[in-house]
Amino acid sequence: MLKIAIDDRALQESLRTLSDRKIRIASSWALNDTAKDVLTHVQDRMAEVFDRPTRFTLNAFTIRGARPDNLEAEVKERPSVGRRHFLKVQEHGGARSRTGLEGLLDARLAYDGIITAVTPASGARLDAYGNWSTAERNQALSAVQAQRDKTTNTTSASRRRNRKRAGFFVPSAESQLSAGIWKRASDGTISKVLHFTRAMPVYGQRLGFFDGAADVYQARLPDHLRRTIEKMAARGA
């Protein structure tokens, strides 16, 4: 689990000793406002580090808010993210987990070699986020008979009906073409759309938002505390 933890034991101990519930309410407001600042910082860092991050990436974290009886706010993973989210690798470094596409090709594709990982090649059509487009990916999987639903695989009859559509193929082991999925255009030219590799990609530490988040927390919390305590005092007055 990815979790931003700040060493604020002195502050927490001071807040726990407060007997005035109004001050504890004001403190919870301040902690939650600070957590929002930290979350914004994390999302801004993603936009800097990654090339066109998807909404799934930007929304990977959420806030677990503080309450008057629990003066602790967290910026944490959404429950839907799961343990395999690639941000863990991007933050800590190391080999990423296998993707669904890689597992599907390994299980379904009639291929003599080893498929540990796949990456888009220069001939791949990319979407707005720089990923292999869903439309071309589905066309390629159907053509090489690797769809999870076998009824969506390309048949000889459908291939004859769509002669002008680009075809996709996996070279044989004896071919001089490199391992992967290739596209053959209607004019006969070929280009590679997907690389097959035997090794899982290994990433160095890239994101680095933990230190920055701590800086944001430490810089913004005092101002938020002053503001929320003054707001609560004004209410009382």
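Predicted model: local features only at pLDDT ≥ 70, side-chain atom pairs only at ≥ 80, totals over all residues.
I start with the cores. The largest nonpolar core contains 19 residues. Leu31, Val38, Phe61, Val75 and Leu221 have the most contacts inside it. Helix 2, residues 21-49, and helix 8, residues 209-236, each supply at least two residues of this core. Helix 2 gives the most, with 8 residues. There is also a second, separate core, made of 17 residues, and Val118, Trp132, Val144 and Phe168 are among them. As background, nonpolar side chains in soluble globular proteins tend to be buried together.

Is Gly212 buried or exposed? Gly212 counts as buried because its relative accessibility is 18%, and the cut-off for buried is under 20%. Along the chain, Gly212 and His41 are 171 residues apart, yet their C-alpha atoms are separated by 7.8 Å.

Last, helix 5, which runs over residues 100-108. Which residues of helix 5 are buried? They are Glu102, Leu104 and Leu105. These three cover an arc of only 165 degrees around the axis, so they sit on the same side of helix 5. Gly100 and Ala107, on the other side of helix 5, are exposed.

What covers the buried residues of helix 5? The cover includes one helix, helix 6 at 134-143. It also includes strand 4 at 117-120, strand 6 at 180-184 and strand 7 at 190-197.

To recap helix 5: Glu102, Leu104 and Leu105 are buried, while Gly100 and Ala107 are exposed on the other side.

Terms used
Residues numbered from 1 in each chain as written. Heavy atoms only, no water. Buried < 20%, exposed > 50% of the residue type's maximum accessible area, 1.4 Å probe, protein only. Helix = DSSP H or I, 4+ residues; strand = E, 2+ residues; numbered from the N terminus. Arc of directions from axis to C-beta. Contact = heavy atoms within 4.5 Å. Core = buried A, V, L, I, M, F, W, Y, C linked by side-chain atoms within 4.5 Å.
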